[in-house]
Amino acid sequence: MKRLISTLILTLIAVTSFAQIQWYEATSFASKPQPYGSWSAWEKSNVRMYINFSTDEIVIFSPTRQYYQVVDVMSPPYDATGDQVKFKVIDRNGYYGYVRLRVEYNGNSQLYVDFADLSIVYNVVKIE
């Protein structure tokens, strides 16, 4: 019995250690100035990004690399059309904002980056 439990624990550790980084690729993006702007038209994109759960960082490899350190995981409001996780983050300049990963039940996924002066949304697909 001890051997079975040890094997299960080692398997769980191995599986979770490989799932620490989730890679995504954007197919398109839009932006809007805050607080009262309108969303821009969607533009095609092939930007890659990842969420690293072991180092609590989110990196978006856009032409200007976006690096965010996660400082808290927020409890997002209930949404009947999908699941989401919201991270409170700090950027390289010391500004606080939020990054939200939203996965709709129809399979669409979006990553939102929200700061006081700008919001960006990426339509993303999970890769690797």
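1. A five-residue hairpin connects β4 to β5. Strands here are DSSP E runs of at least two residues, numbered from the N terminus. This is a predicted model, with local features needing pLDDT of at least 70 and side-chain atom pairs counting only at pLDDT 80 or more, while totals for chains, interfaces and linings use all residues. Residues are numbered from 1 along each chain as its sequence is written, and side-chain values use heavy atoms, with hydrogens and water left out.

2. On to the pairing of β4, where two strands pair if DSSP finds at least two bridges between them. β4 and β5 (residues 66–74) run antiparallel and share four bridges, with Glu 57 opposite Gln 69 in β5. β3 (residues 48–52) is also antiparallel to β4, again over four bridges, and there Tyr 50 faces Val 59 of β4. The β3–β4 hairpin has four residues between its strands, and Asp 56 takes a positive phi near 55° in it.

3. Now the largest pocket, which holds about 320 Å³ of space. Its lining has 15 residues, and Gln 66, Tyr 68, Asp 91, Asn 93 and Phe 115 are the closest to the centre. A pocket, on a 1 Å grid over the protein atoms alone, is an open set of points where a 1.4 Å probe fits, with protein on both sides within 12 Å along at least five of seven lines; lining residues have an atom within 4 Å of a point. Grid points are joined across faces, edges and corners, and the volume is the space filled by probe spheres set on them.

4. Who supplies that lining? β5 gives the largest share, three residues, and β5 and β9 each supply at least two. By type, the lining of the largest pocket has eight nonpolar, three polar and four charged residues. Ala, Val, Leu, Ile, Met, Phe, Trp, Tyr, Cys and Pro count as nonpolar, Asp, Glu, Lys and Arg as charged, and the others, Gly among them, as polar.

5. Ser 119 is in strand β9 and counts as buried, at 1% relative accessibility. Its side chain makes polar contacts with those of Gln 34 at 2.5 Å and Asp 114 at 2.7 Å. A polar contact is a pair of N or O atoms within 3.5 Å; within protein, one must be able to donate a hydrogen and the other to accept it, and residues adjacent in sequence count only if both atoms are side-chain atoms.

6. Asn 123 also belongs to β9 (residues 118–127). Side-chain polar contacts link Asn 123 to Ser 28 at 2.9 Å and to Gln 110 at 2.9 Å.

7. Is Tyr 95 buried or exposed? Tyr 95 is exposed, at 53% relative accessible area, in the loop between β6 (82–91) and β7 (96–104). Beyond neighbours within four places in sequence, Tyr 95 is in contact (heavy atoms within 4.5 Å) with Val 89, Ile 90 and Phe 115.

Notes: Buried means under 20% relative accessible area, exposed over 50%, partly exposed in between (1.4 Å probe, protein chains only).
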